[in-house]
Amino acid sequence: MADNTAFSLLKQRSIGTSGMVFQDLSDLAPPQSHANIARSLYIHIPFCSHKCHYCDFYSIVDRQDRQQLFTDRLVRELRAQAPYAQGQPLKSIFIGGGTPSLLAPALWKTVLTELNNLFDLSEIHAGIGEFSVENNPESVSEELANVYKAGGVNRISMGAQSFNAVHLKSLDRIHNPAKVPLAIDIFQRAGIKRVSLDLIFAVPGQTIEQWDTDLRTALDLPIEHLSAYGLTYEPGTAMTARLSRGEFTQMPDELEAAMYLHTIKTLREYGFDRYEVSNHAKTGAECKHNMYYWTSQDWLAVGPSASGHFHGARWKNTPRLDDYLKLNENGFAPICDYEAPDDRRELMDLLMTSIRLAQGVDAKSALAQAEPLHAAEKLQLAATMCQDQGWLMDANADQWQLTDEGFLFADRVAREFIGALMID
Ligand code: SF4
C-alpha cells in the first residue's frame with residue numbers, strides 16, 4: 001500500500017479498547033450474523049529464489065528444507081481461522097508472496113486440499129468467486145498449473161515487470177522475459193484463463209518509447225487485467241541504497257507523470273479501464289479481492305507478514321519465518337501489530353483506499369460516519385478544497401471521484417481527508 005499514514009498515526013500496538021492484550025483472533029467477538037463474517041482470505045507464501053533490488057515485501061530466499069515445515073504450520077493456521085468464515089462460501093482467495101509458485105507442487109496439493117476441506121469454495125468452483133495466485137514466469141510448470149486448476153485456482157497474477165532485458169537487470173529481476181508468454185500459455189492450456197500482469201515504469205534510464213513497447217507487448221498477450229506501478233524507492237531496499245550511492249539518478253517527476261498518463265491512454269485503446277490508480281481491467285475483470293480490501297470489507301489472513309481485517313480490528317502476523325513457525329496452542333501465529341476497532345481509524349482507512357478507485361468515495365456515507373466524530377464539516381471543506389485544486393470532480397456529488405489530474409495527486413487528496421479527521 002502506497003500511503004500508510006492513517007495506520008502509523010493511529011497505531012495501538014497489542015492493546016485492545018478494553019485494555020486487554022490481544023492474543024489472537026479468538027479475542028475478537030465471534031460473528032453475530034452472516035452479514036458480518038469474513039468472506040475473503042489472503043495467504044502469504046514467503047519464498048523467493050532471490051531478493052529483487054526494489055522489493056520490500058517480506059520474502060526469504062527459498063530454502064527447500066523449510067517448505068514442508070512451513071506448510072504444516074500454514075495448514076494449522078488455516079484450521080484455526082476457518083471457523084471465522086462460519087461455513088459461508090468464500091468470495092475470494094488471494095495467495096501472494098514472495099513467490100507462491102516456488103512452493104513444491106506436492107505441498108501445493110496439501111494446501112489446496114486443506115482449503116477445500118475447511119472452507120466452502122462452491123462460489124469459486126462455479127466461477128462466481130475469485131481465487132488468484134501470484135507467480136513468477138520462471139517457476140511455472142504444467143504440473144503446478146494442473147494442481148492449481150484441480151484445487152480451484154481460477155486467476156493468475158504474473159510478475160512480468162518489464163520485457164526489456166536491460167531494465168529487468170536494473171531492477172535485479174532474474175527471469176527471462178520470453179518466459180512470460182510461455183507461462184501464460186501453460187496456465188491457459190490447464191484451463192486457467194484469467195490472467196493479470198504486473199509491470200513497473202519509471203525505471204532509471206527508461207524512455208517513454210521503451211515503456212510504450214513494454215505496455216504493447218503485455219497488451220498483445222491474452223490478459224484481462226494489468227497493474228502498472230511507478231517504481232518506488234522503499235527504505236532499506238538495495239535499489240534505494242544504489243540510488244543514495246549515486247549509481248543512477250531517479251526519473252524526473254514530469255517524465256514519470258507523462259508515463260502514467262501514457263499508460264491510461266494506451267490501455268484505453270486496448271479496452272482496459274483504470275478502476276484504481278494503478279490497476280486496469282477489461283469490463284468485469286477487476287480484481288475482486290483487491291476491491292474487498294479497498295472498500296474495507298473483512299478478510300482473514302494466514303502466513304508470515306499477512307495482514308487481516310476483521311470486525312473493525314486490523315492485525316499483522318509476524319514476518320520472520322522462525323517466529324511464525326511458533327504458532328500458539330490454538331494454532332494462531334504470533335502477531336507484530338494490532339489495531340483495535342476504532343471508528344475514526346476505520347473511516348480514515350476507507351477514505352485512503354477508496355479515493356484511489358475510479359468509482360470514488362461514497363460521500364454521503366463518509367460524511368454520515370464523520371458526523372459523530374465531529375469531523376463532517378472539516379471533511380466537506382477538504383473535499384471542496386480538492387475540487388478547487390482541480391483534483392476532485394464535484395465535492396457536492398454523491399461520489400467523490402478524482403479527475404484525471406487528481407489521479408496524479410491521489411495520495412495528497414487522501415492526506416487532506418485524513419487531516420480533516422485528525423483530532424485537533
Ligand atoms: S519475486 Fe517478488 S516478492 Fe520476491 S523478491 Fe522479487 S519482487 Fe519481492
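## Close-up views of a predicted model

**View 1. The residues around the ligand.** In this predicted model, the ligand is surrounded by C48, K51, C52, C55, F57, S59, G97, G98, T99, N136 and G159.

View 2. The domain assignment divides the protein into domain 1, which is made of the two stretches 1-9 and 342-424, and domain 2, which covers 23-294. Taken over C-alpha atoms, the centres of domain 1 and domain 2 are separated by 27 Å. Contact between them involves 8 residues of domain 1 and 8 residues of domain 2. On the side of domain 1 that touches domain 2, the elements that contribute two or more residues are α13 (343-354) and α16 (404-408). The residues on that side of domain 1 comprise 5 nonpolar, 2 polar and 1 charged.

**View 3. An open sheet of three strands.** The strands of this open sheet follow the order β12-β13-β14, and their pairing is antiparallel. Both β12 (307-310) and β14 (335-339) are edge strands, each of which pairs on one side only. From one strand to the next, the twist averages 15°.

**View 4. The pairing of β12 with β13.** Strand β12 is joined by 4 bridges to β13, which spans residues 313-317, and the two strands run antiparallel.

Notes:
Residues numbered from 1 in each chain as written. Predicted model: local features only at pLDDT ≥ 70, side-chain atom pairs only at ≥ 80, totals over all residues. Near = placed C-beta within 6 Å. Domains from an automatic or database assignment. Contact = placed C-beta atoms within 7 Å. Nonpolar A, V, L, I, M, F, W, Y, C, P; charged D, E, K, R; others polar. Pairing = 2+ DSSP bridges. Axes fitted to C-alpha atoms, helices over the stretch in contact; angles between N-to-C directions.
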